[in-house]
Amino acid sequence: MSRPVLIYMTAGSTEEAKKVGRVLVEERLAACVNILGGMTSLYWWDGAVQEDDEVAFIAKTRQGMVDDVIARVKEVHSYDCPCVVSVSIDDGNADFLQWIQEMTSQFPGHSTTGR
């Protein structure tokens, strides 16, 4: 079984976060996407400090899907260089972590662990 991970991402609007999140869930690249409230981001871009309103969103998936998630987000995201980073999950509700595994499997509802 591939380790569960969270993928932290940002977008310029709630609508874009929903669009990207929906693609990830529909294509079984993520079991779930949570879209968080707005935030202000300060960052270097084009040689200067930029300030923009953004929306953070988090996908729940597994380590074996990270490269596919990154590639897909880069395809559908409007940013030239979208924030897409993986954070390992060390522990948690075993039933929930199993659900992540099942929802990101080729055949949802059928455990890949034989359970």
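1. Glu27, Arg72 and Glu75 are joined in a network of salt bridges, a salt bridge being a side-chain nitrogen of Lys or Arg within 4 Å of a carboxyl oxygen of Asp or Glu. This is a predicted model, in which local features need pLDDT of at least 70 and side-chain atom pairs count only at pLDDT 80 or more, while totals for chains, interfaces and linings use all residues. Residues are numbered from 1 along each chain as its sequence is written, and side-chain values use heavy atoms, with hydrogens and water left out.

2. Glu27 is partly exposed at 38% relative accessible area, and Arg72 is partly exposed at 22%, where buried means under 20%, exposed over 50% and partly exposed in between (1.4 Å probe, protein chains only).

3. The structure holds 4 salt bridges. One of them joins the side chains of Asp90 and Arg3 (3.6 Å, N to O); Asp90 lies in the loop between β4 (84–88) and α3 (94–103) and Arg3 in the segment before β1 (4–11), so the pair ties together parts that are 87 residues apart in sequence. Asp90 is exposed, at 69%, whereas Arg3 is partly exposed, at 43%.

4. A further salt bridge pairs Arg22 with Glu26 (3.9 Å, N to O), and both residues lie in helix α1 (residues 14–26), 4 residues apart, or about one turn of the helix.

5. Leu42, in strand β2 (residues 32–45), is exposed at 60% relative accessibility. With Trp44 and Val49, Leu42 forms a nonpolar surface patch of about 390 Å² of accessible area together; patch members have over 30% relative accessible area and no salt bridge, with like charges joined within 9 Å and nonpolar side chains (Val, Leu, Ile, Met, Phe, Trp, Tyr) within 5 Å.

6. Which strand gives the most to the lining of the largest pocket? Strand β2 does, with 4 residues, and the lining as a whole divides into 5 nonpolar, 1 polar and 3 charged residues. Among the lining residues are Trp44, Asp52 and Tyr79.

Definitions and conventions: Areas by Shrake-Rupley, 256 points an atom, 1.4 Å probe, with all protein chains shown as cover. Helix = DSSP H or I, 4+ residues; strand = E, 2+ residues; numbered from the N terminus. 1 Å grid on protein atoms, 1.4 Å probe; cavity = no way out; pocket = protein on both sides within 12 Å on 5 of 7 lines; lining within 4 Å. Nonpolar A, V, L, I, M, F, W, Y, C, P; charged D, E, K, R; others polar.
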